[in-house]
Amino acid sequence: MICAFYKNTQLLFLLLYLYLVKKIYKFLLNTLPRPLLIRLSYVFKFFAPMLYRGNQVDCPVCGRSFSKFLSYGSEVAHRENVLCPYDLTLERHRLLWLYLNRETNFFSADHLKVLHIAPEQCFLPLFKKQKNLDYTTADLVSPIADLHFDLHDIPLEENQYDVVFCNHVMEHVDDPVRCMSELCRVMKPGGWAIMQVPQDMSRAETYEDKSITTPEEREKHFWQKDHLRLFGRDYPNYMEKAGFKVNEFDLNTAFEPTEITKFRLMKKEILYIAVKP
Ligand SMILES: [Zn+2]
């Protein structure tokens, strides 16, 4: 009798403990800035499989299933059920990963020379491991990058790279066309670049206003405290001005609706493939 009581109390404490850990976990993921989250990612990798056990959603990047993803985003761009609790991927990371897997020779080509600007933590260790890639990372300041430079003046020779990734950078730089031109210059003819940005599909034209300078105002107008503009449907024009030919990859025609739901992709997201002619 005493033994059963003891066991039930233990179970109750365990459930309460798990409940509290889950609450704290969710709070941290929704509150801490992404760079800090990434530094703490080993903690999340330990807890996520326990706290979000299930198979309602799939993350193709870490190859794991969960009961749900977590919410993410600032007040003006908040989304539910989008952040993988294991490797912190968002819709855009999962879309890019699926695109690379299914539509390109990124994982199968004998040899590709790749330049990855501002490398995402969820991709970095996986790309580094790939034997078929001659893989270089670069960033303005990040200590984890191989090279450090300003994208407006890339200190590299022209016609070198087969593939370039430069995601969620162009909304932060002074002159996106100049940065894209520089990336185009260092790429081989026929090479392709992916330069994802936050894009407001309800806007025909990109919204930019140099008089908006405070972090609060920038967050309100451009979705994040350090964004300098909010790209609209005219985003491909920037790439074309920089010398690229732009192809659009529409996930709605490429993937089954059940996959879009399972991977929690953003239906209106278009992946632009910028090819150097
Ligand atoms: Zn994941």
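I counted 10 helices and 11 strands in the protein chain, taking helices (H or I, at least four residues) and strands (E, at least two) as DSSP runs numbered from the N terminus. This is a predicted model, in which local features need pLDDT of at least 70 and side-chain atom pairs count only at pLDDT 80 or more, while totals for chains, interfaces and linings use all residues. Residues are numbered from 1 along each chain as its sequence is written.

I then looked up the sheet, and found seven strands forming an open sheet in the order β7-β6-β5-β8-β9-β11-β10, with mixed pairing; two strands pair if DSSP finds at least two bridges between them. The edge strands, each pairing on one side only, are β7 (147–148) and β10 (245–250). Strands β8 (residues 161–166) and β9 (residues 187–194) run parallel and are joined by four bridges, and I noted Y161 opposite M187 in β9.

Helix α6 (residues 176–186) packs on the sheet, where α6 touches β5 (112–117), β8 and β9, contact being C-beta atoms, placed from the backbone, within 7 Å. The direction of α6 makes about 135° with that of β9, from axes fitted to C-alpha atoms, for helices over the stretch in contact, with angles from 0 to 180 degrees between N-to-C directions.

Last, I checked D58, which lies in strand β1 (residues 57–59). D58 counts as partly exposed because it has 19 C-beta neighbours inside 10 Å, where 20 or more would be buried and 12 or fewer exposed, with C-beta atoms placed from the backbone. Beyond its neighbours within four places in sequence, D58 is in contact with S65, K262 and F263.

Terms used. Two residues are in contact if their C-beta atoms, placed from the backbone, lie within 7 Å.
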